[in-house]
Amino acid sequence: MDLALWITYLGVITALILFPGPVALLCMHHGLRHGRRRALATVVGGALASLALMALSSLGLGAVLATSETAFLVLKVVGAAYLIYLGVQAWRAPAAAPTVPAGDSASPTLGQSPGRLFTKGFTVGISNPKDLLFFGALFPNFIDLGQPQWSQFAILALTWLVVDLATMTTYASVGSSVSRWFATPRRVRLFNRTTGSLFVAAGGALAVSHR
């Protein structure tokens with residue numbers, strides 16, 4: 001792959017990944033509620049969801065989704081419903097202040113298993129059909145058809161993975177680092193309801209969005 005083209009791609013995806021979306025919000029939320037180390041499972045789940053969407057796009061499923069109104073609608077409704085479900089969960093979460101230092105794993109009373117956090121990260125990451133269309137539209141612009149395509153795809157995917165992991169880990173760390181500020185139930189309740197409202201808003205925006 002041409003170096004100049006790769007640098008352009010790196011700049012584009014860095015700007016895209018830095019812009020906070022549902023996965024970033026989830027990583028920050030889990031960082032505060034469960035600690036940075038435990039929230040890494042959420043980060044990995046979201047990153048693997050991106051890799052799965054890339055692979056599906058490379059197989060042409062993104063094009064199928066773009067032409068099938070029914071498939072797009074079904075996936076969109078499922079993704080929106082899950083985000084709203086997470087929002088309701090966050091809104092109703094107990095107003096218990098985090099009891100662990102920033103960066104440490106959460107206590108058993110507040111923490112969830114890494115497997116559950118991974119599943120939430122993966123589900124949020126893969127539940128947006130527009131991401132599948134996005135990868136299908138993005139990658140062709142950076143692939144030289146005159147060279148082996150799979151090796152180029154691997155470079156693009158690996159680059160995305162590195163930037164995505166670094167960025168989402170930062171979001172989780174930010175959430176963990178501000179956990180000391182949430183030392184009272186009132187502040188925790190405010191955080192829960194704010195993040196819950198943002199999840200519901202994200203789900204609503206996805207539900208009414210078009211291609």
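The protein has 9 helices and 0 strands, and this is a predicted model. Read from the N terminus, the elements go α-α-α-α-α-α-α-α-α.

**The big picture**

- The protein counts 211 residues, and 42% of them are buried.
- Take the contacts between residues at least 6 apart in sequence: 88% of these join residues at least 24 apart.

**Inside: the nonpolar core**

- In soluble globular proteins, nonpolar side chains tend to be buried together.
- Here, the largest nonpolar core has 31 residues, and the ones touching the most other members are Tyr9, Phe139, Trp160 and Met168.
- Which helices supply at least two residues each to this core? They are α1 (3-18), α2 (22-34), α3, α5 (69-92), α7 (129-138) and α8 (149-177).
- Helix α8 gives the largest share, with 8 residues.
- Now zoom in on Phe139: leaving out residues up to four places away in sequence, Phe139 touches Tyr9, Met54, Phe153 and Leu156.

- Is Thr167 buried or exposed? Thr167 has a relative accessible area of 9%, which is under the 20% cut-off, so Thr167 counts as buried.
- Setting aside neighbours within four places in sequence, the contacts of Thr167 are Ile17 and Leu18.
- Both numbers fall in the range of helix α1, which covers 3-18.

**Aromatic pairs**

- A pair of aromatic rings is described by the distance of the centres and the angle of the planes.
- How many aromatic pairs are there in this model? The count comes to 3.
- One of them is Phe118 with Phe122, a stacked pair with 6.3 Å centre to centre and 20 degrees between the planes.
- These two residues are 4 apart in helix α6 (residues 114-126), so about one helical turn separates them.
- Phe118 is partly exposed, at 29% relative accessibility, and Phe122 is partly exposed too, at 27%.
- Another pair is Phe135 with Trp160, and this one is edge-to-face: 4.9 Å centre to centre, with 75 degrees between the planes.
- Phe135 belongs to helix α7 and Trp160 to helix α8, so this pair ties together parts that are 25 residues apart in sequence.
- Phe135 is buried, because its relative accessibility of 3% is under 20%.

- Now for the surface: Val44, Leu48 and Leu165 make a nonpolar patch of about 200 Å².
- Leu48 is in helix α3, which covers residues 36-58.

Notes: Residues are numbered from 1 along each chain as its sequence is written. This is a predicted model: local features need pLDDT of at least 70, side-chain atom pairs count only at pLDDT 80 or more; totals for chains, interfaces and linings use all residues. Side-chain values use heavy atoms; hydrogens and water are left out. Patches are made of residues with over 30% relative accessible area and no salt bridge: like charges are joined within 9 Å, nonpolar side chains (Val, Leu, Ile, Met, Phe, Trp, Tyr) within 5 Å. Accessible areas come from the Shrake-Rupley method with a 1.4 Å probe; for residues, only the protein chains shown count as cover. A salt bridge is a side-chain nitrogen of Lys or Arg within 4 Å of a carboxyl oxygen of Asp or Glu. A nonpolar core is a set of buried Ala, Val, Leu, Ile, Met, Phe, Trp, Tyr and Cys residues joined through side-chain atoms within 4.5 Å. Buried means under 20% relative accessible area, exposed over 50%, partly exposed in between (1.4 Å probe, protein chains only). Contact means heavy atoms within 4.5 Å. Rings of Phe, Tyr and Trp (its six-membered ring) pair if their centres lie within 6.5 Å; planes under 30 degrees apart count as stacked, over 60 as edge-to-face and the rest as tilted.
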